[in-house]
Amino acid sequence: MTDLMPRAAGEEPHAVPDDHLGHVADSTPVVHKAGERKHLVRNILTWILRIVLTLVFGLPLLFMIVSSFKPDLQIFSDLTSIKAFLPVGDLSLDNYAGISERVPFARFLINSVIITICTVAFGLIVNSMAAFALSRIKFRGQKIILGIILATLIVPFETMALPLLWWVNKLPYFDFVNGFTQGWLDSYQVQIVPFIANAFSIFLFYQYFDTIPKSLDEAATVDGAGWFRIYRSVIMPLSGPAIATVAILTFLPAWNQYLWPLMVVQSEELRPVMVGIDYFKQLNVSWGQLMAYASIITVPVLIMFIAFQRSFINSIASSGVKG
Amino acid sequence: MTTSTFKPAVPAQPAAPPARAKRAGRRPGTVAFLMLVPAGVLILTFLLVPIVLTFGLAFTNARLISPQPARFIGFDNFVRLFDSDTFYASLRNTLVFAIVIVPVQSAIALGLAMLINVKMRGVNFFRTIYFLPVVTSIVVVSILWLFLYQPNGLINALLANVGIQGPDWLGNPNTALFAIIVLSIWQAVGFHMVIWLSGLQTIPGELYEAASIDGANPWQQFAYVTWPGLRQTAIFILITITISAFALFSQVNIMTQGGPLDATTTLVFQAVRTGFQQQQTGYAAAISLVFFVLVLVVSLIQRYLTREKDAR
């Protein structure tokens, strides 16, 4: 913390956390002229800092998108000047056209969409139902189950990815075409099913359901509604914010899956978009094509984020509220 | 293997006790059980069993695809592990990565949160931009920075403008891990900024007013109002950053493949290399177990330390 402050406050003699400008300086009248000037200087420095940081976080992404329209030679020749970040010179969609020569992009895209939608949709149902039972129905063992679910939160997926890989290869699977088969490798379900139930989603729903008055359940019970009915017609319609939070927090990792599909999928026709990046890293990399591929799998998500910004930010913020 | 590992997890399944029936018909316990079954079965199968398997497989010679069943081999995997230079390199890199990332990233994130915790028009614009890398996949970020870090890439071109000859960032064992640290912070810091921000906004404005009436300077206000109000947030941020730092994999896999000279190899990268590419599940499970213990110990220590401070 302390090591950041001098940087955050620029060249000022007294290191000042900037938020107090908003909290204090703006609301209290500054009487002395010297104080006013200091306030002004501080304000200007804060703005400069904000703008510099905007460049730090924004320019690399801008560079990626802009370069995706340029031929390789021009990408390199533009590097030395501001042109690296400007859409100037010989712009074309050639890099985008070249993508489909290297990878079956449409196939990857469809796979990612299927995997993401299934993971999010099933996840919403399964996790909200579990949270509902834990939060609103009284039964013995409730506390223990909740405790176990919360305890699993500190286990990162990566610790058990390799044992899980071995395990899914042993699991039986049933479908109506092939009947019973052993091993889940190389399938859609291996990319979806393990990620449907999610301890954190359950926790978020649980937390939200707890804020809904229990008297609603009683009223519904008097009207003759069963628990499933209460869940479906009373609680879920009131839980829009929680649903949005969980949907967003499960959407991002599902779309961004990389390590797991890298290991479990051998067939090209089942791969998601992120794994497709590895196709471009072979001999004679075309950076233009690589930037085009990176842009095409990123820009839709960025646009979605900008459109639903408030929900995105609120989701992340509420994920931190846990004690 | 399977049947024995299943046992400890079984209590996770809720029993349907004869609880008092609120309504004629199905007992609440039965309904609760039915609603918990889908999530319960999935968590059991894809979370609890693999955790238990990590412990079990680490003591076997299990292979990913093998006609022979796994055999118990005691501590052989660990003997091999603790005799391997690559393992120590991965452990060291993972720890260095975490030790640098945890304080630096949380501090920068707090600084960013303070910069945008102002009631002012236009400030949302900055929040949006700082957050953009978070919604960008780490895979895409790694590819992008792989290019920025090329010997003739953007960063060295910028450095050349001010007369500095930049190194081959990822090709040099002395700079490779540092380069990965920088891009990792760049990608993830916006996430923790938002969490700090929500913590900052729970601190009532009257506290600041009271403090400034009492003549507290901005630094004192930070030390006595802001920071104490952020304790819960700080615990959460420390734990999440530490755990995700230990899980470093994608950046390494895409940018350096653990090289040069093992300078960027990590525990997860080694686990994947041995358990997936070389199919030695048992050995990979041993690495995973070390990783698991590391995560557990660190989060316990962090919890303990932060509790202590709370009590004071």
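**Note on a predicted two-chain model**

1. Start with Ala113(B). Beyond its neighbours within four places in sequence, Ala113(B) is in contact with Met193(B), Trp196(B), Leu197(B) and Leu200(B). Two residues are in contact if their C-beta atoms, placed from the backbone, lie within 7 Å. Ala113(B) and Ala130(A) have the most contacts inside the largest nonpolar core, which has 184 residues. A nonpolar core is a set of buried Ala, Val, Leu, Ile, Met, Phe, Trp, Tyr and Cys residues joined through C-beta atoms within 7 Å. A residue is buried if 20 or more other C-beta atoms lie within 10 Å of its own, exposed if 12 or fewer, and partly exposed in between.

2. A word on the source. This is a predicted model, where local features need pLDDT of at least 70, side-chain atom pairs count only at pLDDT 80 or more, and totals for chains, interfaces and linings use all residues. Residues are numbered from 1 along each chain as its sequence is written, while chains are lettered from A and ligands numbered from 1 in the order in which they are written.

3. Next, the make-up of each chain. Chain A has 17 helices and two strands. Chain B has 14 helices and zero strands. Helices (H or I, at least four residues) and strands (E, at least two) are DSSP runs, numbered from the N terminus. Of the 323 residues in chain A, 41% are buried. Of the 312 residues in chain B, 51% are buried.

4. In chain A, residues 24 or more positions apart account for 70% of them. In chain B, the share for residues 24 or more positions apart is 68%.

5. Now the interface. In chain B, 96 residues are in contact with 91 residues of chain A. Which element gives the largest share of the side of chain B that touches chain A? It is H2(B), with 18 residues. By class, this side of chain B has 71 nonpolar, 21 polar and four charged residues. Here Ala, Val, Leu, Ile, Met, Phe, Trp, Tyr, Cys and Pro count as nonpolar, Asp, Glu, Lys and Arg as charged, and the others, Gly among them, as polar.

6. One helix pair spans the two chains. The axes of helix H8 (residues 157-168) of chain A and helix H2 (residues 28-57) of chain B come within 8 Å and cross at roughly 95 degrees. That makes H8(A) roughly perpendicular to H2(B). The cut-offs are under 35 degrees for roughly parallel, over 145 for roughly antiparallel, 65 to 115 for roughly perpendicular, and oblique for the rest. Axes are lines fitted to C-alpha atoms, for helices over the stretch in contact, and angles run from 0 to 180 degrees between N-to-C directions. On the H8(A) side, the residues that meet H2(B) include Trp166(A) and Trp167(A). On the H2(B) side, Phe46(B) and Leu57(B) are among them. The contact of H8(A) with H2(B) has 11 nonpolar, two polar and no charged residues.

7. Another pair sits within chain B. The axes of helix H9 (residues 205-213) and helix H10 (residues 218-229) of chain B come within 10 Å and cross at roughly 145 degrees. Leu207(B), Tyr208(B) and Ala211(B) of H9(B) make the contact with Gln221(B), Tyr224(B) and Val225(B) of H10(B). These residues divide into five nonpolar, one polar and no charged.

8. Thr119(A) lies in helix H6 (residues 105-136) of chain A. Thr119(A) is buried, because 23 other C-beta atoms lie within 10 Å. The C-alpha atoms of Thr119(A) and Pro194(A), 75 residues apart along the chain, are separated by 9.0 Å. Ile129(B) is in helix H5 (residues 123-135) of chain B. The C-alpha atoms of Ile129(B) and Thr54(B), also 75 residues apart along the chain, are separated by 40 Å. Not counting residues up to four places away in sequence, Ile129(B) touches Thr54(A), Phe57(A) and Gly58(A).

9. Last, two loop residues to check. Asp186(A) is not a glycine, yet has a positive phi of about 60 degrees. Asp186(A) is in the loop between strand E2 (179-182) and helix H9 (189-192) of chain A. Is Asp186(A) buried or partly exposed? Asp186(A) counts as partly exposed, because 14 C-beta neighbours lie inside 10 Å. Leu261(B) has a positive phi near 50 degrees. Leu261(B) is exposed, with 11 other C-beta atoms within 10 Å.
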